[in-house]
Amino acid sequence: MPKLRLLIVEDDEDIRAQMKWALCDDYDVVTSGDRAGALAEFIANRPTVTLLDLGLPPHPNEPEEGLAALAAILVLDPLAKVIIVSGQGEKNNAMRAIGAGAYDFLCKPVEMDELKLVLQRCVYLADLEQEYRALQQSAKTDLFENMIGASPQMQIIFDLIRKVGPTNAPVLILGESGTGKEMVARALHHRSTKSNGPFVAINCNTIPENLIESELFGHEKGAFTGALTQRKGHVETSAGGTLFLDEIGDLPLQVQVKLLRFLQEKSFQRVGGRQEIASDARVVAATNRNLEELAASGKFREDLYFRLAVVVVKMPTLRERRDDILLVAKFFLHNYGVEHAKFGLAFAPDALRALSLHSWPGNVRELQNRVRRAVIMTDGWRVKARDLELSDTSTSATPPQTLKEARESLERDMVLAALRRHRGKITAAALELGISRPTLYELMEKLGISREA
Ligand SMILES: Nc1ncnc2c1ncn2[C@@H]1O[C@H](COP(=O)(O)OP(=O)(O)OP(=O)(O)O)[C@@H](O)[C@H]1O
Ligand SMILES: [Mg+2]
């Protein structure tokens with residue numbers, strides 16, 4: 001790590017030399033003895049922290065020159081960290097400087113231990129602000145309809161939503177549990193021409209089989225025992241908006257027929273009714289099951305499958321887009337930190353490692369739950385692997401399920417270890433692994449490993 005830069009502005013040569021000597025081990029120190037020089041150094045070096053004496057030539061016994069330097073620095077960078085170093089009798093001047101935006105003040109003669117401590121605290125704050133700004137910046141560019149994702153896989157999904165949203169075509173969203181299927185459905189609705197209409201979400205596997213037809217299409221009075229009044233179904237109430245059919249793979253076959261007919265005709269009959277009722281609801285369906293397989297085994301109607309699968313959005317798993325893990329984790333850490341009034345939380349190095357190594361079988365939802373829990377459990381401002389209930393040593397908390405996963409897990413371990421041993425040098429790591437440089441690059445891309453990792 002390069003040393004952080006420190007600017008010392010002090011007109012007394014002895015004090016300047018003494019401070020520089022005490023701090024140059026830990027910081028990259030530049031110095032100046034007057035206001036003009038201080039500003040020139042500040043512009044040229046952008047120090048993380050500036051130590052500023054208030055009494056500078058030509059008025060070494062007045063605070064005006066120092067205060068003017070402080071003001072100029074803060075114009076250049078409103079978040080600049082300036083620590084005032086003032087003479088004994090100048091406490092009220094130091095307070096003026098704090099009021100004007102200085103971070104802290106120390107009285108001469110300066111205790112070096114005290115100075116180092118104040119500096120550490122100041123650097124920590126500067127770091128946090130920097131990270132927060134970077135996060136805000138990235139959240140702006142990587143946030144789409146409340147979804148986070150900088151990876152190419154997610155950018156493809158965002159593009160697809162932009163294109164398909166405004167059409168009225170049915171969309172089928174596929175993906176493992178917790179990958180964000182419902183978020184995509186909502187984004188599609190929000191981007192559609194029917195965004196002012198209702199978004200009605202129903203989960204086909206939580207409604208009892210004998211009730212699902214009337215839930216969807218409604219029923220007339222007396223259609224069946226217990227149908228005491230006429231009732232509208234979700235297809236009808238979502239007219240002018242979007243009907244989201246979650247877990248569509250669990251829809252009973254006889255209801256599938258009726259849904260297919262609705263998709264073709266844009267009209268339907270209530271259970272026990274004769275009248276054709278029109279609805280322009282846009283249908284978005286989702287499932288984590290393999291619909292093609294279900295269709296092949298006769299559990300899902302092939303014609304309905306083709307009708308729904310005009311546009312398919314295939315959600316990537318979190319382990320397929322490893323570069324997004326830390327981004328999404330930091331986003332949740334910040335949000336839950338604010339929610340629980342724990343500000344400035346950061347992941348400890350072992351937590352960062354554990355987050356990158358875990359296999360995330362529960363995808364974004366699992367990540368969300370672990371971070372939320374960690375925010376509640378953590379004692380200090382550093383969230384550790386322990387708080388996330390993760391280990392930073394094994395590749396995954398759950399053992400690999402398939403041969404492909406086992407192979408990838410082993411490949412990941414070996415590639416990471418080789419890169420670490422050779423400090424990210426590709427040629428050396430490839431040589432050790434017995435593969436060519438291009439092959440290593442390909443492997444890293446496939447596994448979502450960056451050189452820094
Ligand atoms: N890209 C993302 N950015 C931020 N949060 C996300 C993202 N994807 C998912 N989430 C969050 O993760 C959780 C799970 O998302 P969602 O309910 O959309 O997943 P799902 O695929 O429908 O899961 P399931 O199959 O279990 O119903 C939600 O709380 C959602 O807010
Ligand atoms: Mg869901």
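Biologist: α16 and α17 are oblique to each other, and the model is a predicted one. At what angle do α16 and α17 pack?

Modeller: The contact brings M414, V415, A418, L419 and R421 of α16 against I426, A429, E432 and L433 of α17. In a right-handed crossing, α16 passes α17. The two axes lie 8 Å apart, and the angle between α16 and α17 is about 130 degrees.

Biologist: Why do the buried residues of α17 lie on the same side of the helix?

Modeller: Helix α17 spans residues 426-433, and I426, A429 and A430 are buried in it. They share one side of α17 because the arc they cover around the axis is only 100 degrees. An α-helix has 3.6 residues a turn, so residues three or four places apart point the same way. Cover for the buried residues of α17 comes from elements including α16 and α18, and the arc asked about is only 100 degrees.

Biologist: Which residue just after α17 takes a positive phi?

Modeller: Helix α17 ends at residue 433. Just after α17, a positive phi of about 75 degrees is taken by G434.

Biologist: What is the handedness of the crossing of α16 and α18, left-handed or right-handed?

Modeller: α16 and α18 have axes 11 Å apart and pack at an angle of about 120 degrees. Angles of 65 to 115 degrees count as roughly perpendicular, and α16 and α18 are therefore oblique. On the α16 side the meeting involves E408, E411, R412, V415 and L419, and on the α18 side L440, L443, M444, K446 and L447. The crossing of α16 past α18 is left-handed.

Biologist: Which elements do the buried residues of α14 pack against?

Modeller: In α14, residues 349-357, the buried ones are A351, A354, L355 and L357. They pack against α13, β15, α15, β16 and α16.

Biologist: How many disulfides are found in the whole structure?

Modeller: A disulfide needs two cysteine sulfur atoms within 2.5 Å. For C122 the nearest cysteine sulfur belongs to C107 and is 17 Å away. C122 counts as buried at 0% relative accessibility, and C204 counts as buried at 2%. The number of disulfides found is 0.

Biologist: Which residues beyond its sequence neighbours is S151 in contact with?

Modeller: S151 sits in the loop between β7 and α6, and it is buried, with a relative accessible area of 4%. G448 is 297 residues away in sequence, yet the two C-alpha atoms are 9.5 Å apart. Leaving aside neighbours within four places in sequence, the contacts of S151 are R321 and D324.

Biologist: Which peptide bond has an omega near -5 degrees?

Modeller: The bond from P57 to P58 is cis, with omega near 5 degrees, and P58 lies in the loop between β3 and α3. P109 lies in the loop between β5 and α5. The cis bond with omega near -5 degrees runs from K108 to P109.

Biologist: Is E247 buried or exposed?

Modeller: E247 is in the loop between β10 and α10. Its phi is near 55 degrees, a positive value in a residue other than glycine. Buried means under 20% relative accessible area. At 13%, E247 is buried.

Biologist: What is the relative accessible area of K266?

Modeller: K266 lies in the loop between α10 and β11, and its phi is positive, near 60 degrees. K266 is partly exposed, with a relative accessible area of 36%.

Key:
Residues are numbered from 1 along each chain as its sequence is written. Chains are lettered from A and ligands numbered from 1 in the order in which they are written. This is a predicted model: local features need pLDDT of at least 70, side-chain atom pairs count only at pLDDT 80 or more; totals for chains, interfaces and linings use all residues. Side-chain values use heavy atoms; hydrogens and water are left out. Buried means under 20% relative accessible area, exposed over 50%, partly exposed in between (1.4 Å probe, protein chains only). Helices (H or I, at least four residues) and strands (E, at least two) are DSSP runs, numbered from the N terminus. The arc is that of the directions from the helix axis to the C-beta atoms. Contact means heavy atoms within 4.5 Å. Axes are lines fitted to C-alpha atoms, for helices over the stretch in contact, and angles run from 0 to 180 degrees between N-to-C directions. Angles under 35 degrees count as roughly parallel, over 145 as roughly antiparallel, 65 to 115 as roughly perpendicular and the rest as oblique. A crossing is left-handed if the near helix is turned anticlockwise from the far one by less than a right angle, and right-handed if clockwise.
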